[in-house]
Amino acid sequence: MINTPELDKIIEICEKSNYLSNGCIEPIIYKGVYRDNNNYPLITFKGRSWRLHRFFASQHFEEFDDNDPNQIVMHLCDNPACINVEHLKLGTQLENIQDRDNKGRHPNSLKTHCIRGHILSGTNLIINNGNRNCKICKYASAKRRYSTAKRRRYYERYPRW
Ligand SMILES: [Zn+2]
Ligand SMILES: [Zn+2]
């Protein structure tokens, strides 16, 4: 487990982070927080450096195993800086490769566009229970449901004889 100064640092990182409208939480780079070559924020804990998202995954996922070279922590939001555990998913290298083989270029979890061609990133990306959804399509279907409900209410009030 982590000790008190480390916990204090983690709380401080969370407080100083940018909370984006798509749910991503991006830590800012300041004293003790670095960024590696692949844009992953890093912190030094227990005498070694941790990518921050892996640290948060280690606290969140029971199955997290830092010694398993096959296990990877994937970003559902495609944002390497993000530390929101809702946007993280544990996977294996094998799973990743199989996914890619099955579905062509990219694994499903990293689709870049929805089925209607809207881009799945930034503020149009909604992450819910580990699924990546399109905000435009979600609002469109909510609107359809609403107008169906409205029609139904109308018929109830004015029944056709
Ligand atoms: Zn994110
Ligand atoms: Zn869409």
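**Strands 8 and 9.** I began with the pairing of strand 8 with strand 9 (residues 131–134) in this predicted model: the two run antiparallel and are joined by 4 bridges. For pairing I required at least two DSSP bridges between the strands. Helices (H or I, at least four residues) and strands (E, at least two) are DSSP runs, numbered from the N terminus. I noted that Ile127 stands opposite Arg132 in strand 9. The hairpin has 2 residues between its strands, and Asn129 there takes a positive phi near 50°.

**Faces of strand 8.** I next looked up the side chains along residues 125–128, which alternate. I called a residue buried if 20 or more other C-beta atoms lie within 10 Å of its own, exposed if 12 or fewer, and partly exposed in between, with C-beta atoms placed from the backbone.

**Conventions.** I numbered residues from 1 along each chain as its sequence is written, and lettered chains from A and numbered ligands from 1 in the order in which they are written. As the model is predicted, local features need pLDDT of at least 70 and side-chain atom pairs count only at pLDDT 80 or more, while totals for chains, interfaces and linings use all residues.

**Helix 2.** In residues 52–60 I found Leu52, His53, Phe55, Phe56 and Ala57 buried. The cover over these buried residues includes strand 4 (41–45), strand 5 (48–51), strand 6 (71–75) and strand 7 (88–92).

**Cys77.** Apart from neighbours within four places in sequence, I listed Asn22, Cys24, Cys82, His87, Leu125 and Ile127 as its contacts. Contact means that C-beta atoms, placed from the backbone, lie within 7 Å.

**Whole protein.** I recorded 4 helices and 9 strands, in the order α-β-β-β-β-β-α-β-β-α-β-β-α. Of the 161 residues, 16% count as buried.

**Confidence.** The mean pLDDT (the predictor's confidence in each residue, from 0 to 100) is 81, and 79% of residues reach 70 or more.

Terms used: Contact = placed C-beta atoms within 7 Å.
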